[in-house]
Amino acid sequence: MSRPLSALLAVLALVVATVTPARRARAADTTIPTELVGVDIEERPGAQLPRELRLRDQSGQEVELGRYAAGDKPLVLVLGYYECPMLCSLVLNGVLQAMKESAWSAGTEYRTLVVSFDPRDTPEAARKKRANYIEAYGRPVAGDGFDFLVGDEASVRALASTVGFNYRWDETAKQYAHAAGAFVFTPDGRLSRTLYGISFPQKNFGLALREAGSGQVGSAWDRVLLFCFHYDPNARGYVLATQRLMKAAGVLTVVLLGLWLMRFWRTERARTRARVNEAS
């Protein structure tokens, strides 16, 4: 075997030896850790908020969930726990940022509800958490527009199951393993959209609220926005409704063309009558 060929084969062998472990490592990185298996969010569109569930708010008062689906405002629901070392705060901060960027205000056009799934959390912990987020929100909140609740294991587990939110206590880490997201309900308590992750772009957050409002809240412009965008489950967000806009543009073109032809015909008829009158 020639020296150049031997050198080339040696280089190829080195590349294979280097790249293959890296590829294997990348493949291994995509494997879900055992601790996180089954900790995700399942799509449950149309799920009905369990109105009869009784929890306690930040003041210690017992409330039914039906209070937050009174039929006049969309509802944003966040599940977490108040002593969470990281993920819950990231989700809540993401929701708060979307709320601050929204032209709508909590308590006026929609409600935001945070429910702890840790039965050890107390109304006092909820009160402190709420006070921090109300201050950070920086706007007056009407009524029950931004409440923090706690409850027993069975009640909160039932709520989480309704929206497809899975979580599990990790005994080794001494904390909960859980998914990240928020849930948007219609004013009558039906799950409209699930928003995934720890950040919620204003387009997705705002359109989800407008869509959940079902025309009961918002302006004519909000309905125009909903016409221009639609929810793409693959993208897990709202995208431009190209086909819908093309159809609308086509209809508008036909209408404008019809108006132009009508004006043209009227002008020609007027000219014809004028020529006839002149000839007579």
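Colleague: Is M86 buried or exposed?

Modeller: In this predicted model, M86 is exposed, because its relative accessible area is 57%, and the cut-off for that label is over 50%. M86 sits in the loop between β3 (75-80) and α2 (87-101).

Colleague: Now the inside. What about S155, buried or exposed?

Modeller: S155, which belongs to helix α4 (residues 153-163), is buried, because its relative accessible area is 12% and the cut-off for buried is under 20%. Leaving aside residues up to four places away in sequence, S155 touches L53, R54 and L55.

Colleague: Which residues of α4 are buried?

Modeller: The buried residues of α4 are S155, V156, L159, A160, T162 and V163. They are on the same side of α4, because they cover an arc of only 155 degrees around the axis.

Colleague: What covers the buried residues of α4?

Modeller: The cover includes several strands, namely β1 (54-56), β3, β4 (111-116), β6 (167-170), β8 (181-185) and β9 (191-196).

Colleague: Stepping back, how many helices and strands are there, and what share of the residues is buried?

Modeller: The protein has seven helices and eleven strands, and 39% of its 280 residues count as buried. If you take the contacts with a separation of 6 or more, residues 24 or more positions apart account for 70% of them.

Colleague: Last topic, confidence. What is the average pLDDT?

Modeller: The protein averages a pLDDT of 77, with 64% of the residues scoring at least 70. Among the elements, strand β5 (residues 146-149) has the highest mean pLDDT, 98, whereas helix α6 (residues 220-228) has the lowest, 38.

Colleague: Where does pLDDT stay under 50?

Modeller: One such stretch is residues 2-30, for which the model has three contacts beyond four places in sequence. Another is residues 241-249, for which the model has twelve contacts beyond four places in sequence.

Colleague: How should I read those parts?

Modeller: Where pLDDT is low, the predicted coordinates should not be read in detail.

Terms used
Residues numbered from 1 in each chain as written. Predicted model: local features only at pLDDT ≥ 70, side-chain atom pairs only at ≥ 80, totals over all residues. Heavy atoms only, no water. pLDDT = per-residue confidence, 0-100. Helix = DSSP H or I, 4+ residues; strand = E, 2+ residues; numbered from the N terminus. Contact = heavy atoms within 4.5 Å. Buried < 20%, exposed > 50% of the residue type's maximum accessible area, 1.4 Å probe, protein only. Arc of directions from axis to C-beta.
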